[in-house]
Amino acid sequence: MKFLNLPYVLAAMVLASSSSTSGNGVAAFTLPKQQSHSIIKTTPPTTTTQLNLESLEQKTPDDKQTKFLLDTYGEKSRTFRRNVFSASDWVKSRRSNRFIDTLLRTNQSALVRQLGIEIAFISLVATFIVTYNNFFVYGWIDLDGIQHAPTHFDLPTLGASPFIVSLPAFELPKEPFSLTSGSLGLLLSFRTNVSYKRWNEARTAWGKVINDSRSIARMGAIWSKSYKDTIDDAALQRLGDAICSFSRTLMNRTLPPQEDETNFNIYTYQIGDQNYGEVLRTAKHRPTAALAEISNIMVDFQLNPLHQVEVERVVTGLCDALGASERIFTSPVPTFYTRH
């Protein structure tokens, strides 16, 4: 024992004590295991209320709904309200007694019939509120000028005197209407200005269609004659049918098929070239088919290249008017500005 060193003895005692606590002697000489860090998968918290975003999309009416809507007075009368004024119509509109005639035909007004449900609803609600407040809250004045007290309901109680029920008045403070009148006026002015702007833009596009159609017919008739001794009447008839068909297909493009498809098919059967009529009936985009027919006819005329370029420029103008009409037709006024 005299060869034992005291530091070594102390070290052996420490190792022995650690091995006894671990339950295994070898464990005292092994490195501690590293803790494994497992990735905890978290799921987003579920909300009790989920927004139904699909309900925000405006659904397009199906064929049955469209037929039902077209059967209403407002849609049926649209055919007779597409007026184009002549000189005689302007003379009639300037007559001095037009106010009296308009006043006598108020019940025949299309606007009154279109707003009949809204007018009836507001009238009934206003009549109910006035009657309720006068008879049950404030009292009323008869035709002789006598003030009458409001009607009360007496409920029997356990005591000697009955319990009188006082009903609250249906009224709103004036401040909200005074504060929001300016904003409502701006919204109303904006809607009126946008509606007129859209109408004027559509009328401008339609005027461009008329002017460019006349220009194509004039250039086709004159320039085709300048290259030949005689005018090819059949080719000019084809050109006239193609020009007229563009306006008719543009009209068909902006009307529901339930309203115009039958009339359009009747029109196509009246075209001289039935091959072209079949093309219009089966085309996916009928105005574009009409523009293609115009270009094909002008190519068949074998015009001077400079004249051909000029004609194509006018045909491109028709395409621009088509795009403007479709843009106006497919882009309604924002709902935020119309529901007030």
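Modeller: Start with the make-up of the lining of the second largest pocket: five residues are nonpolar, five polar and five charged. Keep in mind that this is a predicted model. The pocket's volume is about 530 Å³. Its lining counts 15 residues, and those closest to the centre are Phe 80, Arg 81, Asn 83, Phe 85 and Arg 105.

Now the helices. Two of them, α3 (73–78) and α4 (87–93), each bring at least two residues to the lining of this pocket. The top contributor is α4, with three residues.

Next, a surface feature. Helix α5 spans residues 98–104 and holds Ile 100. Ile 100 belongs to a nonpolar patch on the surface, together with Phe 99, Leu 103 and Leu 104. The accessible area of these four residues together is about 480 Å².

Last, the aromatic rings. The whole structure contains eight aromatic pairs. In one of them, Tyr 132 and Phe 136, the ring centres lie 5.8 Å apart. The planes of Tyr 132 and Phe 136 meet at 40 degrees, so this pair counts as tilted. Tilted is the class left between stacked, under 30 degrees, and edge-to-face, over 60. Both residues sit in helix α7 (residues 116–138). Tyr 132 and Phe 136 are four residues apart there, so about one helical turn separates them.

Technical notes. Residues are numbered from 1 along each chain as its sequence is written. This is a predicted model: local features need pLDDT of at least 70, side-chain atom pairs count only at pLDDT 80 or more; totals for chains, interfaces and linings use all residues. Side-chain values use heavy atoms; hydrogens and water are left out. On a 1 Å grid over the protein atoms alone, a cavity is a set of points where a 1.4 Å probe fits but cannot get out, and a pocket is an open set with protein on both sides within 12 Å along at least five of seven lines; lining residues have an atom within 4 Å of a point. Grid points are joined across faces, edges and corners, and a volume is the space filled by probe spheres set on the points. Ala, Val, Leu, Ile, Met, Phe, Trp, Tyr, Cys and Pro count as nonpolar, Asp, Glu, Lys and Arg as charged, and the others, Gly among them, as polar. Patches are made of residues with over 30% relative accessible area and no salt bridge: like charges are joined within 9 Å, nonpolar side chains (Val, Leu, Ile, Met, Phe, Trp, Tyr) within 5 Å. Accessible areas come from the Shrake-Rupley method with a 1.4 Å probe; for residues, only the protein chains shown count as cover. A salt bridge is a side-chain nitrogen of Lys or Arg within 4 Å of a carboxyl oxygen of Asp or Glu. Rings of Phe, Tyr and Trp (its six-membered ring) pair if their centres lie within 6.5 Å; planes under 30 degrees apart count as stacked, over 60 as edge-to-face and the rest as tilted.
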